[in-house]
Every structure is written in structure tokens, then in C-alpha cells.
Amino acid sequence: MAAVQPATAPPSLASKAKPKKRAREDDGGSRKRKKSAYEQEDLDLDLEAGLNKKIGFLDRMLLADHLAQKTRRFGTDLKPVELSALDISPNAIKDSSSFSKPRNLENLPAYLETHAKNPKALGDAPKENGSPHTIIVTGAGLRAAELVRAVRKFQSKKVTVGKLFAKHIKIEDTKKFLESHRTGVAVGTPMRLNDLVDSGALKLDKLEQLVIDASHIDQKKRGIMDMKETMIPLARWLCRSEFKERYTDSEHPLQLLFY
């Protein structure tokens, strides 16, 4: 009777993994671990310049998706139907990814001139008081004051850059300013802008450009779309009925730009 051969033990998991490990050692460790989304996001942030460089590369489709993600992240207390009402169509957004300069304060005037229907008219204003042709929207009063200084070239004796934000400025004083001054370019924060429109002091019928200060970040790496207290008011501002009707209107268009 033939002798029974002893059963061969199956290879262990450790022995199976050895060839891959040896392969990694043989290639000199040249294989790099793929960066996580959070690590890639950090690479896009330039804290020294105060910029999220990623925004400048996003086309209209990616910007619309970015807005929707941020709205859902911070709008957890809203119903699905309310969140859907805050969505912006990609067709509503003007693609400005071809603007290659850093999106800082220094280059803001050039950006506005690049996308204005008539660049020379940026320093002018509609005849009716409180009817800007361009509104720049940012997240905080301190940043808004910096933006006002950056666009001073569009101000003259007859046309004033509008300060439509709450930093040391009472809303009643802003209403009086709008009622008594012609303003072409205005800078504001979402909540104050909404309040001024609702009060009737800020008029939107002459508005041609709506520019979001989207690339700017603070020292905590936060921009206007990175905080609930600014993102949700921004979404509500962008989705006002006066705007949604005009984003895709060929006869009376309103450009929505993300700087």
C-alpha cells in the first residue's frame, strides 16, 4: 500500500504579499501615494496671497457643481425642495477661466474690464441714483473695504463706488447714500445687499455684472463659500427672481462671474 503524502499547506497571506512588496522595493520606491482630496485642496490654497487658486480654473459646469455641494453642506436645516431652489444652472454662469492673472486685489480692475460689455463705461453710472451696473459680492465688511479701494479707479466726482456692507455703516446711512448718489460699481455683502433690495433703496434693473469674490480666503483657509453664515445668504442672493430671469436672457442679460 502506497504511503500517504502529507498535505501541502496553502501559502500564507504574508507570502502572497511578498512579491508586491519586493516589486515596490525593486522600482526604488518610485511609486507615490495618490493625494487625498483634502491634501489636493490644501495645495490649491495660497495663504500668503490669500487665494484659493482652484476657483480660477473651474468652468461653468464645475462652478455650478461646486455651488451645489457647498449649499447642501451648509444647508442641512433646509428641505430638499428649498435646496433645489438655490441651485444655479451652469448656463447662468459666465466662464472666466481664461483669465490667467492671479485673482487678487491688484488684478480685479483688469478682470472687470475684460468681461464688461463696455470697459470704458465702468467708470460711468446710470442716471438713476442707487442703480449700479456692477456689484461685487464678498463675505465680510473688512474684505469689502479692501475691494472698494481696489476699484477706486472707477470713481469720479460724479460717480461713487458704493459701500453696501455693514462694517461701521448703518443700513439707514446706506439707504440715504443710494437715494442721493449715482453709483456704477458697488461692493457689498449678501445679507446687506438683500436687505437693501427689499427696502427698495438698491435698484437692480440697470445691473449688468454680478461678480463673486470667490478666490479670496482668510488665514483660516475660508472663503465666502466655505462658511454657513456667508454661503447660504450668498445662495439666496444669487437666486433672487430678479436675477434668475436674466442670467440667460439674450435681450437683457446679467453676467454672473466668479473672481
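Predicted model: local features only at pLDDT ≥ 70, side-chain atom pairs only at ≥ 80, totals over all residues.
Reader: In what order do the strands of the open sheet stand?

Author: Strands of a sheet pair through backbone hydrogen bonds, either parallel or antiparallel. Helices (H or I, at least four residues) and strands (E, at least two) are DSSP runs numbered from the N terminus, and two strands pair if DSSP finds at least two bridges between them. Here five strands form an open sheet in the order S4-S5-S3-S6-S7, with parallel pairing. Strand S4 (162-164) and strand S7 (255-258) stand at the edges; each has a single partner strand, so one side of each lacks a neighbour in the sheet.

Reader: How many bridges join S3 and S5?

Author: Strand S3 (residues 134-137) and strand S5 (residues 185-188) are paired in the parallel sense over four bridges. Isoleucine 135 stands opposite alanine 186 in S5.

Reader: Which residues have the most contacts inside the largest nonpolar core?

Author: In soluble globular proteins, nonpolar side chains tend to be buried together. A nonpolar core is a set of buried Ala, Val, Leu, Ile, Met, Phe, Trp, Tyr and Cys residues joined through side-chain atoms within 4.5 Å. Buried means under 20% relative accessible area, exposed over 50%, and partly exposed in between (1.4 Å probe, protein chains only). The largest core has 42 residues, and those with the most contacts inside it are Ile135, Leu202, Leu210, Trp237, Leu238 and Phe258. Its largest share, six residues, comes from H9. A second, separate core of 19 residues includes Ala116, Val148, Val161 and Val185.

Reader: Which residues of H8 are buried?

Author: The buried residues in H8 are Pro190, Arg192, Leu193, Asn194, Leu196 and Val197. Their cover includes S3, S4, H7, S5, H9 and helix H10 (241-244); contact here means heavy atoms within 4.5 Å. After H8 comes glycine 200, with a positive phi near 90°.

Reader: Is methionine 61 buried or exposed?

Author: Methionine 61, which lies in helix H3, is exposed, with a relative accessible area of 54%.

Definitions and conventions. Residues numbered from 1 in each chain as written. Heavy atoms only, no water.
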